[in-house]
Amino acid sequence: MAPSHHVGAIGFAELAAAAACGLRALGDGEMLSIDALLDADTARDAELLVRSLCARHGCALEGATVDPDGRGLLLRVRGTARKPHCADILDHVRHTCCELKSSAVSVDVIACIAFATHASAAASAEPGEAAAYHEHLFVGVDFASTEEEISALLVLDLLNLGSGYKLQLAACQLGRYKHGEWGSAFVCMLEGTEAAARAGPLTAVRMAGWTIEQTETHFQLPAATSEQGEARAREVRAALVELNSLVTSALRSAGEALLARGHASGGALVLSLLRSPPHADDSPLESDGSPLPGNVGPARRTSLPLTAASLVETLASFLPPFNDVGTRREGAGLQGGRACSCAAGGGSTAAAWRAERAVPILKKAQLLTASLHARFGGVRGQLELPEWRLVGVERLTVAADPVLPAVLRAEGCLLYSDSLSQLVDGGMPVGGADETEIRASTIVACEVIRVALGEHRRGAGPASELAPGHGRKEGNPGPSVSASELDLLLWGVLGKSGKHRHAPRHITRGIWWH
């Protein structure tokens with residue numbers, strides 16, 4: 001199919017403006033031809049500029065060629081940008097984030113490329129760090145079965161909330177970081193979940209009947225306000241009572257949803273998906289439907305691997321605390337004005353992430369999917385799962401929590417409006433459309449960085465050495481960088497470094513976001 005649109009430009013600024021309009025207008029599977037003259041040191045740099053710009057808008061650059069212009073001053077990049085078909089919920093997350101009209105946050109493509117250049121070495125280091133992280137969860141908890149262990153991990157990730165209560169947690173010496181400071185909502189939730197798991201299996205019945213008193217016992221969060229003490233102490237206690245309510249409501253709503261669907265626990269839900277995934281015909285048949293010679297009886301059926309996208313969609317659709325979906329600000333539609341194809345439809349299968357103004361982030365559902373894969377799929381062997389074959393984990397997006405945008409903003413990859421900067425830098429809670437745009441822009445910036453990091457990992461040699469009129473060899477894209485790898489770099493390495501540890505992070509209070 002020939003491209004239905006064309007963009008020509010001189011210089012990156014002109015290309016960015018023209019391509020933004022052209023790429024936003026593309027529907028699923030449509031193409032845009034690009035012809036740009038760019039000031040770049042090498043052919044690889046010129047191609048990377050265009051490739052990264054396409055990634056910013058959720059498109060892929062195909063058939064790129066780079067040549068000197070007639071005067072030898074600029075490099076001419078030609079290629080075709082294609083918007084991939086939206087096949088599942090993960091595609092929908094990416095497409096919606098890329099197409100969101102954001103007035104509070106913008107993505108600087110050039111800064112993303114520069115950041116990737118400096119971060120490429122760190123991104124390749126210590127591949128086992130993610131596995132080590134998951135190995136340190138629930139230490140000392142004696143699980144009787146894999147179902148119990150998965151249930152505990154599910155509870156931990158559905159309680160990935162509380163960043164807006166950091167100061168109050170610190171004031172009560174809760175949530176102690178490894179380096180000694182107090183106030184980590186994650187540590188508070190981990191310690192509380194571990195304590196709850198030690199007290200017994202986290203079944204659906206137990207979760208559905210969860211009380212504020214149980215939250216106080218296991219998570220050390222007060223269940224009621226107090227009129228005694230100084231005003232500041234009363235304010236701190238009132239905030240933590242609010243956090244107690246969020247934890248309790250999250251556990252109750254998830255437990256009720258599991259019971260409504262006949263699952264004894266969150267672990268039972270996950271295991272049911274692993275053990276009863278979709279099926280496909282395995283044996284070929286004659287044209288009349290009879291088995292081919294050598295096959296006896298009807299065609300055999302065989303299980304297909306469970307995909308990461310299927311697990312994410314199930315979690316988001318079945319369990320309310322995993323359905324973290326933002327909304328666009330009033331009057332702010334999608335950049336191209338079109339919803340991607342997988343969001344079409346409705347009826348009983350329609351979830352909140354399909355709604356007209358919805359901006360699905362689904363951080364918790366993706367985080368649990370990545371956590372399950374890391375803890376069971378590639379680290380600890382078989383356990384009770386004879387075939388843990390969760391596929392497509394590399395297609396997950398980054399887990400857009402407050403640490404990632406803080407690092408990206410410090411590196412110049414994300415630019416905030418003056419009003420949003422005042423809120424974030426002043427430690428004021430951020431919510432609504434501003435919060436949605438921070439999360440969505442974080443995912444978009446990381447998609448650009450992944451493209452740039454992938455280019456740095458290629459082993460094809462400098463693009464400037466390629467023959468004129470030829471670009472990257474088709475079919476040899478080189479090693480890719482998964483979102484989990486980039487997430488670990490931003491959250492686990494740079495986010496904990498001296499340079500970025502104290503970078504201003506936006507705070508929010510609610511059940512959806514951490």
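The exercises below, each with a worked solution, concern a predicted model.

Residues are numbered from 1 along each chain as its sequence is written, and side-chain values use heavy atoms, with hydrogens and water left out. Local features need pLDDT of at least 70 and side-chain atom pairs count only at pLDDT 80 or more, while totals for chains, interfaces and linings use all residues.

**Exercise 1. Strand pairing**

Work out which strands pair with E4, and in which sense.

Step 1. Take the criteria: strands (E, at least two residues) and helices (H or I, at least four) are DSSP runs numbered from the N terminus, and two strands pair if DSSP finds at least two bridges between them.

Step 2. Strand E2 (residues 31–38) pairs with E4 (residues 75–82) in the antiparallel sense, over eight bridges. Leu 37 faces Arg 76 of E4.

Step 3. Strand E3 (residues 60–68) also pairs with E4 in the antiparallel sense, here over seven bridges. Ala 60 has Arg 82 in E4 as its bridge partner.

**Exercise 2. The surroundings of Val 50**

Determine where Val 50 lies, whether it is buried or exposed, and which residues it touches.

Step 1. Val 50 belongs to helix H2.

Step 2. Its relative accessibility is 1%, so Val 50 counts as buried; buried means under 20% relative accessible area, exposed over 50%, and partly exposed in between (1.4 Å probe, protein chains only).

Step 3. Leaving out residues up to four places away in sequence, Val 50 touches Leu 15, Ile 34, Leu 38, Leu 61 and Val 77. Contact here means heavy atoms within 4.5 Å.

Step 4. For Leu 38, twelve residues from Val 50 along the chain, the C-alpha separation is 9.3 Å.

**Exercise 3. Helix H15**

Explain why H15 is described as largely enclosed, and find what covers its buried residues.

Step 1. Of the eight residues of H15, six are buried, so the helix is largely enclosed by the rest of the structure.

Step 2. The buried residues are Val 403, Leu 404, Pro 405, Ala 406, Val 407 and Leu 408.

Step 3. Their cover includes strand E10 (414–416), helix H17 (432–457) and helix H18 (483–493).

Step 4. Just after H15, Gly 412 has a positive phi of about 85°.

**Exercise 4. Phe 138 and aromatic rings**

Describe the backbone and ring partner of Phe 138, then identify two charges that sit over rings.

Step 1. Most residues other than glycine have a negative phi. Phe 138, not a glycine, has a positive phi of about 60°. Phe 138 is placed in the loop between helix H5 (129–135) and H6.

Step 2. Rings of Phe, Tyr and Trp (its six-membered ring) pair if their centres lie within 6.5 Å; planes under 30 degrees apart count as stacked, over 60 as edge-to-face and the rest as tilted. This rule gives one aromatic pair. In that pair, Phe 138 and Phe 143 are edge-to-face, at 5.7 Å centre to centre with 75° between the planes.

Step 3. Phe 138 is buried at 4% relative accessible area, and Phe 143 is buried at 17%.

Step 4. A charge sits over a ring if NZ of Lys or CZ of Arg is within 6 Å of the ring centre and within 35 degrees of the ring normal. The charged end of Arg 261 sits over the ring of Phe 318, 4.5 Å from its centre. Lys 496 lies over the face of Trp 491, 3.6 Å from the ring centre.
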